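Please keep the sequence and the structure in view while reading.

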Amino acid sequence: MGLIRFGISLDATLLKDFDGLISKKGYVNRSEAIRDLIRDSLVREEWEEGNRETVGTITIVYSHNTRELVDVLTDLQHRFYTSIISSLHVHLDGHNCLEVLVIRGKGKDIKKIADRLIGTKGVKHGRLSLTTTGKDLK
């Protein structure tokens with residue numbers, strides 16, 4: 001199926017704000033920005049369904065001086081080795097580390113792993129970033 005054109009009605013202020021946003025983000029035109037908004041909604045839907053294969057990253061910041069924390073995090077990563085496909089470890093300063101884990105699996109399983117890692121006592125901050133394998137997006 002080819003491209004389909006359609007019209008939408010927007011409040012003038014909303015359109016002005018949208019045009020400012022797409023210009024700031026470097027979009028060439030409104031159509032591409034709207035396509036990205038639609039894709040983002042479809043990816044969120046994939047995650048909310050929970051049973052489709054998805055990918056994401058788990059980012060955590062912690063102090064390596066926190067007693068036994070490094071061992072706990074390493075043990076958890078080994079427990080979930082079939083889902084964690086890559087990791088990056090960065091020394092932020094003399095005490096703090098950042099880890100980014102690339103993870104793949106069913107959305108509900110990835111959320112459980114992220115919650116477990118981020119919720120580990122001693123982790124200062126964590127975030128799960130959700131995305132898609134791209135198989136079903138056009």
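This is a predicted model: local features need pLDDT of at least 70, side-chain atom pairs count only at pLDDT 80 or more; totals for chains, interfaces and linings use all residues.

## Strand order and pairing

The sheet is open and consists of 4 strands in the order E2-E3-E1-E4, with antiparallel pairing. Strands E2 (84–91) and E4 (123–131) stand at the edges, and because each has a single partner strand, one side of each is left without a neighbour in the sheet. From one strand to the next, the twist averages 15°.

Strand E1, covering residues 53–63, pairs with E4 in the antiparallel sense over 8 bridges; within E4, valine 123 is the bridge partner of tyrosine 62.

## The nonpolar core

The largest nonpolar core has 18 residues, and those with the most contacts inside it are Ile58, Ile60, Tyr62, Leu73, Ile103, Ile113 and Leu117. At least two residues of this core come from each of H2, E1, H3, E3 and helix H4 (107–118), with H4 giving the most, namely 4 residues. In soluble globular proteins, nonpolar side chains tend to be buried together.

Leucine 73, one of the core residues with the most contacts, touches Ile60, Tyr62, Leu117, Thr120 and Val123 when residues up to four places away in sequence are not counted. Among these contacts are Tyr62 and Val123, the two residues that are bridge partners.

Technical notes
Residues are numbered from 1 along each chain as its sequence is written. Side-chain values use heavy atoms; hydrogens and water are left out. Two strands pair if DSSP finds at least two bridges between them. Axes are lines fitted to C-alpha atoms, for helices over the stretch in contact, and angles run from 0 to 180 degrees between N-to-C directions. A nonpolar core is a set of buried Ala, Val, Leu, Ile, Met, Phe, Trp, Tyr and Cys residues joined through side-chain atoms within 4.5 Å. Buried means under 20% relative accessible area, exposed over 50%, partly exposed in between (1.4 Å probe, protein chains only). Contact means heavy atoms within 4.5 Å.
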